[in-house]
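Me: I've got a two-chain model open and I'd like to learn how to read it. Can you walk me through it?

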Amino acid sequence: MKRHLPKFYLLAAVALCWVFALFEHSISPYYYQIIIYIGINIILASSLNIINGLAGQFSLGHAGFMAAGAYTSAVITSSLNISPETFISYPVFFISLISAGIVASLLGLIVGIPSLRLKGDYLAITTLGFGEIIRVIIQNLDCLGAARGFTGIAKLSDFFWVFGFVAVLIFLIHNLINSTYGKGFLAVRDDEVAAEAIGIDVTRYKVIAFVTGAFFAGIAGGLYAHFVTYINPSQFGFLRSFEIVVMVVVGGMGSVLGVIISAVLLTILPEALRAIAQYRMVIYALLLIIIMLLREGEFWGGKIDFRRILKKRPAQT
Amino acid sequence: MNQLLQQFINGISLGSIYALIALGYTMIYGILRFINFAHGDVFMIGAFVGFYLAPFISKTIGGSVILAGLMVMVAAMIICSLLGATIERIAYRPLRARPKLTVLITAIGVSLFLEYGGQLIFGPDPKLFPTLVPTTMVIDTKNLVIGSNSIVVIVTAIVLMLILRTIVFKTKMGTAMRAVSYNHKAAALMGINIDSVISFTFILGSSLAAAAALLYGSVYPSINPLMGIFPGLKAFIAAVLGGIGNIYGAALGGLIIGLTETFVTGYISPTYRDAISFAILILILLFKPSGIMGKFEAEKV
């Protein structure tokens, strides 16, 4: 029984999503919107956590993957002229989301390849550059509405879809961490040279991290596009990427639960504190600095992180 | 032909601004081996210092525009160098022994803080940068227009780079900087105060960024708190292109990026302006990560 426990949780979570989805119309639209954004941000932050936290490859281009996914799925459902609440809309939406993920993960593959040669700062700037290039290309494609944006996307995302994918992603990350791959990621993150020396294929692990992370960012993009029904390139600028990075850093890079908590908090807080909404980014920035100065990222801590705190790292020379 | 010449002059003037910013990146990287993400925002602060000080200074001084322009530049350079040194002291110094990623995230935090703090203080709307030195047309024919401001930009940039060269290669502090960038430990053993050398590097880099900001403002007079992001990123790309850590390389890289960008804007499409620099970055990192003039560093275990 114990071996199947995560699978059981996954099924239960999806079922629960479906039950909650039945009541979604009784929630006020404003709260409903926040709840959906929470779900989307959990997917974005957790998927970035695979790249940044588990594999230790600092990526600043997550909004680019999200954009690719958003546009891919929007093009599919719009060209098939799917209207919501029809039976056919469900499989088509599912396929469009999966294709969104695939297109984004192909881009992740393209980004992952240079990352084999780069690390740290260079990788951060390169991924940021990739994100910007994706955005600029979309801005110049007239068939995608260029800078005017893509309108008339069917409103297909709902509670069930968003949190269904949240459940799947968490299930996947949970299994990933406890698998050989997860250990491989951690080895690559902690010391690339040592990992390579004991025979871990560093290249492969980095690419897998990018592809998996990008896949779910693409799905998050698709869910987002089918919730707001209007997307334009400026929604996917690098500030978006920074926001996702802040969620991961505040949650503690590599900590699954921490990142989920911080995604929830950082989505709710700006809404709850409307009065200080203008200070939001300043507060984010200060959070980043203070967390780094105080405790190197392990803010909430998790199973993995406690170990890292206890085991003092040697000072680098 | 005239259009080509026009683009060339514009490219050189934009490129020399990038070069000034790139020098700051490259010096800081040379010494600390990390990218000061906040450098572009120090540049932005420089522009706003100019914006607020210029009317005041030109009123007190009256008469000579050149003297007033110079005063504004010196003031902006002083204020930004203080800012740069403060950032280093508060945010980067405590993290010096920590992993690179920690410092990188902190730098992003500082950058976001300056950008959005700037939006709160200066307001998010674009402002018109005051003309420090009135623009006269040096050449003004039907299809070739060269304003005095491009000339001022190019000349000022050259003068500043020559001063920097003298500081880095002829003074005691410059020698110390080069020693620290070569090997922290050995430099410390030779009695060099590492902390003060690093502070000095930040002062030097930030003051160049401030000067670049004023030049930028005199060519593109619309300034806003987020204006530092793209020039900062492009200057960083210029530094990588030239070979990060190498000050001649930064100047060369700046010119190449400036020229490429103007030619792409002029002959292909202005919308690709921002993407082209990133494409250059990716290509250079893939094919020659050490840059044009940089030297290859093997990873030590």
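Reply: Read along the sequence, chain A goes α-α-α-α-α-α-α-α-α-α-α-α-α, and its secondary structure comes to 13 helices and 0 strands. Helices (H or I, at least four residues) and strands (E, at least two) are DSSP runs, numbered from the N terminus. This is a predicted model, where local features need pLDDT of at least 70, side-chain atom pairs count only at pLDDT 80 or more, and totals for chains, interfaces and linings use all residues. Residues are numbered from 1 along each chain as its sequence is written, while chains are lettered from A and ligands numbered from 1 in the order in which they are written.

Me: Which part of chain A has the lowest confidence, and which the highest?

Reply: Look at pLDDT, the predictor's confidence in each residue, from 0 to 100. Chain A has a mean of 80, with 90% of its residues at 70 or more. Confidence is highest in H3(A), residues 62–79, at a mean of 90, and lowest in H13(A), residues 303–310, at 43. Over residues 297–317 of chain A, pLDDT stays under 50. Where pLDDT is low, the predicted coordinates should not be read in detail.

Me: How many residues of each chain take part in the contact between A and B?

Reply: Two residues are in contact if their C-beta atoms, placed from the backbone, lie within 7 Å. By that rule, chain A puts in 32 residues and chain B 35. On the chain A side, H5(A) (120–140), H10(A) (238–251) and H12(A) (280–295) each give two or more residues. H5(A) has the largest share, 12 residues. The chain A side divides into 21 nonpolar, 7 polar and 4 charged residues; here Ala, Val, Leu, Ile, Met, Phe, Trp, Tyr, Cys and Pro count as nonpolar, Asp, Glu, Lys and Arg as charged, and the others, Gly among them, as polar.

Me: What about chain B: how many helices and strands does it have?

Reply: Chain B has 11 helices and 4 strands. Strands pair if DSSP finds at least two bridges between them. S2(B) (137–140) and S3(B) (145–147) run antiparallel and are joined by 3 bridges. Ile139(B) has Ile146(B) as its bridge partner, and a hairpin of 4 residues links S2(B) to S3(B).

Me: What radius of gyration would a compact globule of chain B's length have?

Reply: The radius is taken over C-alpha atoms, and the globule rule is 2.2 Å times the number of residues to the power 0.38. For 301 residues that gives a value near 19 Å, and chain B has 19 Å, so the two agree. Its C-alpha trace spans about 60 × 45 × 40 Å along the principal axes.
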